[in-house]
Amino acid sequence: QSPKVTELYCAPGNGGISEIARCVPINALDIEGIVAFSKENAMDLVVVAPDDPLAAGMVDALEEAGIRALGPRKNAAIIEASKVFSKELMKKYNIPSAAYEVFDDSSIAKEYAKNAKYPLVVKADGLALGKGVLICNNVDEAMNAISSIMEDGIFGKAGKKIVIEEFLTGPEVSVLAFTDGKTLVPMISSQ
């Protein structure tokens, strides 16, 4: 909507966004492809939105190529890409969070789950396309969740480690903000 925007591209894009942007058939995880396209077409700014390319270092690669990019670098995107990292960060800085334990061995996780308070939440550590969180109401559900994630690999590498945490009820609110490292500008919260 800015009058400064002369052309908008989206990779890979979809039917909806094609009404306002030119869709480019480059996979969102193709870092080399995005960098090459951005250089060839003299992009002024590349907005990297999906979690996977952020966690893979898309912003780092764009900046190394001299292309301005909006999004966290790889070392900051880990807060979204690893639930274990996020929980440890919250613990380190005394940020209130659900009580939790981390496991990289399914048999130890199952022993823990046998004596846990229910309901509880089993989370794959890594990115799982928004599907890596399972609410378990009893021991059987927890055993199935642990087996599915860690042994059957339903979320691939994302499930090599898991977080088992207490189940909290109540409203959930997302608050995002833009920052340059000095100034913080919050966006409107959503629920």
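**Entry 1: the model.** I am working with a predicted model.

**Entry 2: helices α6 and α7.** I looked up how α6, residues 106-114, sits against α7, residues 139-151. Their axes come within 10 Å and cross at roughly 165°. Angles over 145 degrees count as roughly antiparallel, so I noted α6 and α7 as roughly antiparallel to each other. I also wrote down that α6 passes α7 in a right-handed crossing.

Next I asked which residues of α6 and α7 meet. From α6 I listed S106, A109, K110, A113 and K114. Facing them in α7 I found V139, A142, M143, I146, S147, M150 and E151. The residues of this contact divide into 7 nonpolar, 2 polar and 3 charged.

**Entry 3: cis peptide bonds.** Where is P12 placed? I found P12 in the loop between β1 (9-10) and β2 (22-23), and a cis peptide bond joins it to A11, with omega about -5°. I then turned to P119, in the loop between α6 and β6 (120-124). The bond from Y118 to P119 is cis, and its omega is near 0°.

**Entry 4: positive phi.** I checked A42, a residue other than glycine, and its phi is near 50°. A42 lies in the loop between α1 (31-40) and β3 (46-47). Is A42 buried or exposed? Its relative accessibility is 58%, so I put A42 down as exposed.

N94, also a residue other than glycine, has phi near 55°. I located N94 in the loop between α5 (83-92) and β5 (100-103). N94 is exposed, with a relative accessible area of 68%.

Conventions
Residues numbered from 1 in each chain as written. Predicted model: local features only at pLDDT ≥ 70, side-chain atom pairs only at ≥ 80, totals over all residues. Heavy atoms only, no water. Axes fitted to C-alpha atoms, helices over the stretch in contact; angles between N-to-C directions. Helix = DSSP H or I, 4+ residues; strand = E, 2+ residues; numbered from the N terminus. Parallel < 35°, antiparallel > 145°, perpendicular 65-115°, else oblique. Left-handed = near helix turned anticlockwise from the far one by under 90°. Contact = heavy atoms within 4.5 Å. Nonpolar A, V, L, I, M, F, W, Y, C, P; charged D, E, K, R; others polar. Buried < 20%, exposed > 50% of the residue type's maximum accessible area, 1.4 Å probe, protein only.
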